[in-house]
Structures are given as C-alpha cells and as structure tokens.
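Please look over the sequence and the structure before reading on.

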Amino acid sequence: MMLDWLYSAQVAIATISGGLCLILGLAKRKPSLISLGSIALVELGLLVQLIASIILVISGQRAKNDTIEFFAYLLVALMIPVGAVFWALIERNRWSTVVLAVAGLTVAVMLVRMHQIWTGIY
C-alpha cells in the first residue's frame, strides 16, 4: 500500500506550503527563498513518493483501482511545482507567489486522489 506516513507528511507539507505562499502573495511579497524553498520541499516529497511507489510495484503491490492512473497522477503532480517555480523565476511579482500557492494546494488535492486510487477508499 501507499506509505501512509509519507502520504500524511506530503499532504501536510503541500498544504502548509500552499497556505504560506498564499499569505505571502496576498501580502504582496515577491517569490523568495521561503516560498520557493517550500515548493521545493513539495517536489522533493513527490520524488520520494515516486521512488517508493516504483519499489512497491516492483515488489508486487498494486493500486486497488488502477496502478497506471496512480502513476499518471504522480507524474503530473511532479510537473506542477516545476512549472510554478519556472513561472515564479521568470515573472517575479506577487502573483507568482500566489501561483506557487495554487501549485502547493493543487498537489495536496492530487495526493488525496492518489491515495484514493491506491487504497480504493473514497
């Protein structure tokens, strides 16, 4: 099964990162090491999830619903923080920080959906 402790940590980190970036964006702060670093933590968690998921599948475990759909969600989730950081580095204004917030919160929602796909619990 998807590692529950990793899932819980990732949802917490993504939600906190999204909330932090939203507060910073609404406070008219441009992207900084704090906002970019928090999204980098989200990306790091997703990379760890990718490695753990590959190991689980190699060891014979499968998602209750659809393993391919699970990996599709995971791969798209991996792209979201990268795109948001790219945007934030190119267009450095407060709205870029809000984009980082949306990325963090989007990843949190995607993680919940990935957990549903893996466990079959809705």
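A crossing of two helices is called left-handed if the near helix is turned anticlockwise from the far one by less than a right angle, and right-handed if it is turned clockwise. In this predicted model, α1 passes α2 in a left-handed crossing, and the crossing of α1 and α4 is left-handed as well.

**Helix α1 itself**
- Helix α1 covers residues 4-26, and because 23 residues at 1.5 Å a residue should span 33 Å, the distance of 33 Å between its end C-alpha atoms agrees with expectation.
- Among the buried residues of α1 are Leu6, Tyr7, Gln10, Val11, Ala14 and Ser17, and what covers the buried residues of this helix includes α2 (33-58) and α4 (94-119).
- Just after α1, Lys28 takes a positive phi of about 65°.

**Packing against α2**
- The axes of α1 and α2 come within 9 Å and cross at roughly 160°, which makes α1 roughly antiparallel to α2, since angles over 145 degrees count as such.
- The contact is made by residues including Leu6, Ile13, Leu20 and Leu24 of α1 and Ile34, Ile39, Val42 and Leu46 of α2.
- By class, the residues of this contact between α1 and α2 divide into 13 nonpolar, six polar and no charged.

**Packing against α4**
- The axes of α1 and α4 lie 7 Å apart, at an angle of about 160°, and the two helices are therefore roughly antiparallel to each other.
- Residues of α1 including Asp4, Tyr7, Val11 and Leu22 meet residues of α4 including Arg94, Val98, Leu105 and His115.
- The contact of α1 with α4 has 14 nonpolar, eight polar and two charged residues.

Key: Residues are numbered from 1 along each chain as its sequence is written. This is a predicted model: local features need pLDDT of at least 70, side-chain atom pairs count only at pLDDT 80 or more; totals for chains, interfaces and linings use all residues. Side-chain values use heavy atoms; hydrogens and water are left out. Helices (H or I, at least four residues) and strands (E, at least two) are DSSP runs, numbered from the N terminus. The expected span of a helix is 1.5 Å times one less than its number of residues. Buried means under 20% relative accessible area, exposed over 50%, partly exposed in between (1.4 Å probe, protein chains only). Contact means heavy atoms within 4.5 Å. Axes are lines fitted to C-alpha atoms, for helices over the stretch in contact, and angles run from 0 to 180 degrees between N-to-C directions. Angles under 35 degrees count as roughly parallel, over 145 as roughly antiparallel, 65 to 115 as roughly perpendicular and the rest as oblique. Ala, Val, Leu, Ile, Met, Phe, Trp, Tyr, Cys and Pro count as nonpolar, Asp, Glu, Lys and Arg as charged, and the others, Gly among them, as polar.
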